[in-house]
Structures are given as structure tokens and as C-alpha cells.
Amino acid sequence: MNQDDMVVQRALAVLAPASHHYYPIAIAKGEGTTVTSMDGRRYLDFSSGLAVLNLGHSHPRVIDAVREQLDRFVHTGGVYYSETTVAAAEELLSVTPPGLDMLFFGNSGAEAVEAALKLARYTSGRQGIICCSGAFHGRTLGAVSVTSSSSAYRRRYHPLLPSVYQVSYPTCFGCPSGLTLDSCGTKCLEEISRLFEHQIPPEEVCAIILEPFLGEGGYCPAPKNYLRGLRSICDQYGILLIFDEVQSGIGRTGKWFCSEHSGVVPDIMTVAKALASGFPLGAVVASRELMQRWDPSAHGSTFGGNSVSCAAARATLQVIKDGLLDACQEAGSRALTCLQGLALKNASIGDVRGLGCMIGVEFVDAAGAPDSRLCANLIQECQDKGLIMIGCGLKRNVARFIPPLNVTPGEMEEALDIFATTLAELS
Ligand SMILES: Cc1ncc(COP(=O)(O)O)c(C=O)c1O
């Protein structure tokens with residue numbers, strides 16, 4: 001048995017089956033885009049540790065900042081203040097969309113979503129929450145109540161949060177109404193009017209929550225006009241618009257936050273994953289006016305805003321400020337062009353879509369139906385050839401291309417080459 005397998009065996013004995021791992025690889029070292037396994041195999045990591053490592057593994061500036069913090073102190077627990085935590089908040093708020101100028105730190109994406117929902121209910125005095133089909137917002141009970149990318153996340157946990165209503169996510173590829181983006185007039189927004197008419201009046205709705213770029217549910221960016229339409233519905237009825245940027249934020253789409261592509265500013269935004277380059281940190285961000293109506297003790301966290309994570313976050317944001325948004329756009333557009341070219345030659349690719357380094361490749365069979373088998377086989381074969389990728393989508397037929405934002409042209413070329421060769425072999 002090799003070393004990786006031995007670690008897997010030990011893990012299976014002590015880690016609950018719910019602690020899911022995609023691959024039987026045990027990592028010995030991570031550096032930039034590269035992972036080396038305990039057996040000495042080299043992989044290109046195009047999963048970025050589930051969209052977390054936007055600077056790649058162990059970026060030296062992040063590691064230095066963490067070391068420096070470790071030498072001073074680790075924990076405050078809200079008993080006293082930490083200048084490092086304040087500095088990380090200031091750094092993050094220097095790049096958030098206009099008007100989003102105060103935040104609450106937690107430890108994860110799900111916690112940020114919980115906080116966003118609590119903030120919306122608390123400050124509005126309303127209960128209703130509207131979310132989108134296919135969304136993934138996390139696994140705590142509040143977050144899972146607005147998640148529907150798979151019933152596996154909800155099975156045996158009912159009853160979930162009450163007063164949660166669902167509308168379709170504006171997925172354009174295979175639009176359920178058979179419409180196309182250039183002429184649909186964002187007809188899917190009408191679902192919200194129907195909800196107001198038949199199920200919950202707008203004055204009882206506190207928030208609409210969605211991912212501006214659907215992640216786990218299939219890697220689909222929401223059309224700009226859809227987000228603009230949502231903004232005006234929220235303005236009309238005094239509903240808070242929550243954008244979950246846990247996966248799409250911190251430079252992933254070539255802008256600090258995906259919402260910037262549409263110019264729509266939400267009332268509340270959630271951030272986590274890439275915020276601290278792998279150290280646990282999440283945040284819910286809103287206007288000072290809204291945050292000041294969330295009273296002391298209405299929310300809290302012992303570990304949220306941990307100084308070590310905040311040192312990592314501050315360094316992460318500073319590294320991205322040094323030209324990584326442009327680098328991400330450049331790398332992403334090269335990949336998008338190459339993958340779209342591949343789609344022209346290969347009918348099993350139904351759609352390629354993305355922004356920056358957040359790209360989805362959707363596989364279909366000869367009848368145009370989702371081809372999850374091809375997608376799974378392709379991802380497995382790519383792993384065998386040294387390229388780590390992960391899938392997503394309601395039918396698990398979408399491959400995610402999410403390299404670090406600072407992926408080199410050579411690494412991108414190598415990955416695209418493995419992907420194209422493997423697809424040709426399987427087709
Ligand atoms: C959009 C989105 N929101 C929330 C979460 C939950 O984050 P976490 O796993 O850190 O709780 C995820 C995780 O994948 C996510 O993609």
C-alpha cells in the first residue's frame with residue numbers, strides 16, 4: 001500500500017463519512033498551483049482547494065504575515081481588541097462595493113450566510129426569505145434552508161427554516177422557458193411577481209438571497225439584467241438584496257466581487273473561502289446604517305475574526321491589489337477562448353461560460369441531455385494525468401476550471417492540454 005493510501009485508510013477509520021474528500025490523494029506539499037502527494041506525485045491544482053487558494057498554495061507573503069502574527073498572539077475571543085483584525089476589516093472594506101462599509105467576521109461561508117439571514121430578519125422585522133433553485137449557501141440549518149443544489153444536503157433535516165420561498169435561478173443554457181438571453185426580457189423575474197401575488201406579500205419578505213454566479217449548482221453567471229431587475233424589485237418593496245459572494249468573491253471573476261460586472265450593489269454581501277487563503281475566515285458586509293441596527297448580543301462568535309486568519313486575509317488582499325485582478329482576467333480569457341474553441345470541435349461540450357478564472361464546461365450527450373458520466377470520467381482521467389479538477393451542476397455534468405488567479409501561462413497551457421487530450425480520448 002502506498003503512503004497516500006495509508007493516510008486514506010487511517011482517515012476512514014477516524015473521520016466521519018460525512019467528511020467528504022474528492023480524491024484519494026494525501027498532500028505532502030502545496031506550492032503555488034502545484035500539489036505534491038506523499039507518494040511524490042505532482043499535480044496541477046485547478047480546484048484551488050475548492051475556490052479558496054486564489055493565490056495558490058502557501059503564498060510566501062501570506063505565510064510571512066501569519067508567522068509574524070503567531071509570534072505575537074493568536075486569540076482574542078472578543079475579550080479584547082486585536083489591531084490585526086481591525087486592519088483586515090479596513091483592508092476588506094477598502095475593496096467592497098460602495099456603501100458596504102461595515103462587517104461582522106465569522107469563520108466560514110455558512111456562518112456568513114447565517115449572519116446575513118439573521119441581519120436581514122433582525123433589522124427588517126420581516127420573516128420571508130426568497131432564494132433560488134439550485135443554490136448552494138452552506139450546511140448549517142439556516143444556510144441549508146436556502147440551499148437546493150441537492151436534496152442530499154437537506155435529507156432528514158426537515159423541518160428547515162420556515163417562510164423560505166424559491167424561484168428559478170436564471171440559468172440561460174437550456175432555459176426552462178426555451179428563451180434566449182437577447183430576447184427573453186428576463187422573463188424569469190416574473191416568478192417573483194407571481195410569488196408576491198399568490199404566496200407571500202412583498203411587505204413580509206425581508207430578503208432575496210442569491211449567488212451572482214451560481215457555484216455548486218452549475219457555474220452559471222446570472223445575467224446582468226436579471227440582477228438589475230432584482231435590485232429594482234428590492235428597492236420598490238424595501239427588501240434587502242443579499243449576494244452570496246463566498247465562491248465568486250475576492251478576485252475570482254477578475255473583479256473584487258462578481259456583482260461589479262453588473263454594477264448592482266447588494267444591501268448585504270457574504271464573503272469567505274479565498275478571503276484568508278485557506279485560514280478560516282468569513283464575513284458578512286453591509287452598510288454602517290444597517291449594521292448599527294443589529295444590536296450587541298444579537299449575534300456573536302468566539303473565533304470569528306481570529307487574528308491569525310486576519311493576518312492572512314490582510315496579506316491576501318494586499319497581494320491581489322498588486323495586479324492580480326488583471327492577471328486573472330488575462331488567464332481566464334485565454335482559458336475561455338481555448339475551451340470555447342474545443343467546444344466547436346466537440347459536440348459533447350454543450351456550453352462553456354465564465355468570468356475571470358471561474359469557468360464552467362458543461363457536458364451533454366448526443367441528445368443534448370446532461371452527461372454526468374462523461375464529466376466524471378474526464379475529471380477522473382485528468383487526475384490520473386496530474387490535473388486536479390472538480391465537478392458541479394445539478395446533474396454533476398459541469399467541470400469547474402478554477403486555477404489560482406496567479407496561474408502561470410505555462411501551467412494554464414499544461415492543464416488545457418491535459419483536458420483536451422483526455423476529452424479526445426474519451427469522446
Ligand atoms: C456560494 C457559497 N456559499 C456558501 C458556502 C459555504 O461555505 P463553507 O463551506 O465555508 O461553510 C459555499 C461553499 O461552497 C459556497 O460556494
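Modeller: Happy to! Let's start at the ligand: helix H5, residues 109–124, gives the most to the shell around the ligand, with 3 residues. Keep in mind that this is a predicted model.

Biologist: Which residues come nearest to the ligand?

Modeller: Ser108, Gly109, Ala110, Gly138 and Val246 come nearest, out of 14 residues around the ligand. By class, that shell has 5 nonpolar, 6 polar and 3 charged residues.

Biologist: Why is serine 48 called buried?

Modeller: The label needs 20 or more other C-beta atoms within 10 Å. Serine 48 has 26 C-beta neighbours inside 10 Å, so serine 48 counts as buried.

Biologist: And what makes alanine 51 buried?

Modeller: The cut-off is again 20 or more. Alanine 51 has 24 other C-beta atoms within 10 Å, and therefore is buried. Alanine 51 lies in helix H2, and serine 48 has its place in helix H2 too.

Biologist: How do you know that the peptide bond from histidine 158 to proline 159 is cis?

Modeller: Its omega is near 0°. Proline 159 lies in the loop between helix H6 (141–145) and S6.

Biologist: What makes S4 and S6 edge strands?

Modeller: The sheet is open, in the order S4-S12-S11-S10-S7-S5-S6. Strands S4 and S6 each pair on one side only.

How values were computed:
Residues numbered from 1 in each chain as written. Predicted model: local features only at pLDDT ≥ 70, side-chain atom pairs only at ≥ 80, totals over all residues. Pairing = 2+ DSSP bridges. Helix = DSSP H or I, 4+ residues; strand = E, 2+ residues; numbered from the N terminus. Near = placed C-beta within 6 Å. Nonpolar A, V, L, I, M, F, W, Y, C, P; charged D, E, K, R; others polar. Buried ≥ 20, exposed ≤ 12 C-beta atoms within 10 Å, placed from the backbone.
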